Amino acid sequence: MSKPEFVYTTYIATTPEQLWHALTDGDFHEHYWFGHRVTSDWKVGSSYQFAKAGAPSVEGKVLESDPPKRLSYTWDACSPEAKKERTSRVSFDIEPRGTVVKLTVTHDNLDERGKTLRDISGGWPMVIASLKSLLETGHALPADLPSTAAKETACAQA
Amino acid sequence: MRKPEFIYVIYIETTPEKLWEALTSSEFSKRYWWNTEVKSDWKVGSPFALVMNGAPTDVGEVLEVDRPRRLSYTFHHVTSEAARRERPSKVVFNLEPYGKLVKLTLTHEDFEAGSKLLDGISKGWPAILSSLKSLLESGTALEIPVSALGIEGVS
């Protein structure tokens with residue numbers, strides 16, 4: 001594990017399969033990820049991209065894909081400032097715990113004091129809270145991410 | 001070295017008043033906190049206790065009460081000799097309106113170096129606060145087996 005890292009754990013009343021679907025399905029993702037849709041075939045080595053209203057916001061490669069237990073991808077945010085930082089990594093661990101599922105999000109390989117570290121530390125708790133709400137109540141959180149002000153994109157459209 | 005503390009942020013679709021009630025009412029806490037009653041009259045300087053199935057697990061003193069914005073108490077785990085030997089730590093809840101949501105920030109701090117309790121609370125709080133969010137939003141708390149948290153000595 002490389003420092004600094006960001007780790008966030010929550011418990012959700014759902015199944016591992018539904019949670020996997022939530023992390024990988026474009027329509028579902030767009031719903032709780034405040035308009036950011038994900039696109040990929042989720043094969044190891046394949047690329048993936050987040051896009052909001054067609055504008056790319058995050059991109060990377062699939063590192064691990066073991067449904068419904070573990071998903072991992074590289075993370076390059078598309079803002080010109082974040083593009084200067086090194087490529088970080090996001091991993092999702094999905095573990096059944098009785099009637100609920102434990103989700104652990106680990107974002108590591110980050111630049112010390114970088115824009116990405118700042119953004120994701122504020123962003124993941126919002127995104128995961130919205131994901132949990134959508135799976136449990138059928139509706140995502142009515143809010144927007146603290147850091148979606150970036151209008152510029154330094155990624156090519158997929 | 002990093003200061004020994006645990007910080008957890010969670011966004012809940014509720015009001016600060018309802019969240020305050022959830023954090024301070026024993027009837028409410030029993031539902032999302034493994035049948036644990038939160039007991040206090042919530043006046044600064046008053047005693048505070050967590051009582052699980054009739055037996056106190058943690059005791060302390062109320063430090064700050066600023067309804068519905070900030071609540072803090074000292075926290076002394078008393079279920080084992082080793083825990084009792086540690087000095088009390090401190091729990092702080094900050095409640096901030098965030099549009100139609102409330103941002104809840106829990107800070108559990110003031111641990112002594114090498115605290116055994118820090119590992120346990122780091123595993124416990126995400127489960128408790130996840131269940132609290134579920135209860136406030138959907139009306140149903142989570143049934144998370146305590147044994148599944150992976151806390152040493154807890155089964």
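User: Which residue stands opposite V62(B) in β5(B)?

Analyst: Good place to start! Strands of a sheet pair through backbone hydrogen bonds, either parallel or antiparallel. Here, V62(B) stands opposite Y73(B). Strands are DSSP runs of E with at least two residues, helices are runs of H or I with at least four, and both are numbered from the N terminus. Two strands pair if DSSP finds at least two bridges between them. Strands β4 (residues 55-66) and β5 (residues 70-77) of chain B pair in the antiparallel sense over six bridges.

User: Before we go on, what kind of model is this?

Analyst: It is a predicted model, in which local features need pLDDT of at least 70 and side-chain atom pairs count only at pLDDT 80 or more, while totals for chains, interfaces and linings use all residues. Residues are numbered from 1 along each chain as its sequence is written, chains are lettered from A and ligands numbered from 1 in the order in which they are written, and side-chain values use heavy atoms, with hydrogens and water left out.

User: What is the strand order of the sheet in chain B?

Analyst: The order is β1-β7-β6-β5-β4-β3-β2, an open sheet of seven strands with antiparallel pairing. At the edges stand β1 and β2 (36-39) of chain B; each has a single partner strand, so one side of each is left without a neighbour in the sheet. From one strand to the next, the twist averages 20°.

User: Which strands does helix α1 of chain B touch?

Analyst: Contact means heavy atoms within 4.5 Å. Helix α1 (residues 16-24) of chain B packs on the sheet and touches β1, β2, β4, β5, β6 (89-98) and β7 (101-109) of chain B. For directions, axes are lines fitted to C-alpha atoms, for helices over the stretch in contact, and angles run from 0 to 180 degrees between N-to-C directions. The direction of α1(B) makes about 160° with that of β6(B), whereas α4(B) runs at about 5° to β1(B).

User: How much area do chain B and chain A bury between them?

Analyst: The size of an interface is often given as the accessible area lost when the parts come together. Buried area is the accessible area (1.4 Å probe) that two parts lose on being put together, summed over both. Chain B and chain A bury about 1,800 Å², with 61% of it on carbon and sulfur atoms. In this interface, 22 residues of chain B are in contact with 25 residues of chain A.

User: How many salt bridges are there between chain B and chain A?

Analyst: A salt bridge is a side-chain nitrogen of Lys or Arg within 4 Å of a carboxyl oxygen of Asp or Glu. Between chain B and chain A the count is zero, although over all chains it comes to 22. One of these links the side chains of E59(A) and K83(A), at 3.1 Å from N to O. The pair joins distant parts of the chain, with E59(A) in strand β4 (residues 55-66) and K83(A) in helix α3 (residues 80-83) of chain A, 24 residues apart.

User: Where are the cis peptide bonds and the positive phi?

Analyst: Most residues other than glycine have a negative phi, and most peptide bonds are trans. In chain A, the bond from P67(A) to P68(A) is cis, with omega near -5°, and P68(A) is found in the loop between β4 and β5. In chain B, the bond from R67(B) to P68(B) is cis, also with omega near -5°. N109(A) has a positive phi of about 60° although it is not a glycine, and N109(A) lies in the loop between β7 and α4 (115-137) of chain A.
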